Amino acid sequence: MGAPGTLYAVATPIGNLGDLSTRALETLRDCAIVVAEDTRRTRHLLTHFGIRGKAIERLDAHASTRDVDRVVEQLSAGKNVALVTDSGTPAVSDPGARVIDAAIAAGVRVVVVPGASALLAALVGSGLVTDGPFRFAGFLPRDGTARRAAIAQLCESAETVVLFEAANRTRATLRDLADATPERPACVARELTKVHEEYVRGTCGSLATDERTWIGEIALVLGPHRPTEREQRVTDTALDARIDEALGRGEHARTIAERLAAYSGRPKRAVYERVVARKGSAG
């Protein structure tokens, strides 16, 4: 049996087609197969650069284990495969991670061809870069307990945070963030590298009251969370009112504590104990 092929994780433009690197273009031309999240979108990209007749296979979020195994089989048979996502770098909030994991497990060489990144573009353009660490949260859960818990964790996080969000959920997410950290610096980065690229900067509170309809591809950047003096002066009565309201919605005690610790500037353990006590007295 011959040597296995190589899996190339190829970054593609997040908007401006001029951001496709020379190396990425050569890789897409040379590989026998391109595995894509959306074959139509990838076909358009290849056609734009004069690449026609290339075998393209779909592998999206609904791909089965068998679909992933088929890609690994082709690699094991000696074929070089280019893995791309709709835009940006594969495997970052993207189903391509499953292919990379499977290829590594099978002993296949994986090569990354770096390029455009919505995460880094949003972070740098926001003006909220610090010397400290930053956190990437990807896409939030759509709804329910998991979403409330994720937002509570983001509010508690002290470092800069970058997350992706659907345009139709951006306003609700900003309101949820503002509920806990209204004074936290924030930026909505939309349509990055495209004609209508825009960075809307402010605080979670000011952005939450922006009445515009958010459209396009959205990234949210939250600056480091440092409770303001106003937040640290939250009274016991005001805190208890928020606790009771959250308990009335059926939220878990830990989720409430994480969000309200950020809101009040108090230690999470102290807020958690207060939540538990309020829950017990209400029961």
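Is glutamate 191 counted as buried or exposed, going by its relative accessibility? Glutamate 191 counts as buried, at 15%, where buried means under 20% relative accessible area, exposed over 50%, and partly exposed in between, with a 1.4 Å probe and protein chains only.

Okay, quick housekeeping. This is a predicted model, where local features need pLDDT of at least 70 and side-chain atom pairs count only at pLDDT 80 or more, while totals for chains, interfaces and linings use all residues. Residues are numbered from 1 along each chain as its sequence is written, and side-chain values use heavy atoms, leaving out hydrogens and water.

So who does glutamate 191 meet? Its side chain forms a salt bridge with lysine 194, at 3.6 Å, N to O. By salt bridge I mean a side-chain nitrogen of Lys or Arg within 4 Å of a carboxyl oxygen of Asp or Glu. Lysine 194 is partly exposed, at 27%.

The structure holds 24 of these bridges.

Now look at arginine 278 and aspartate 240, whose closest N and O atoms are 3.7 Å apart in their salt bridge. Arginine 278 sits in helix H12 (residues 268-282) and aspartate 240 in helix H10 (residues 236-248), so the pair ties together parts 38 residues apart in sequence. Helices here are DSSP runs of H or I, at least four residues, numbered from the N terminus. Finally, salt bridges with shared partners join Asp179, Arg242, Glu245, Arg249, Glu251 and Arg259 into one network.

Technical notes
Helix = DSSP H or I, 4+ residues; strand = E, 2+ residues; numbered from the N terminus.
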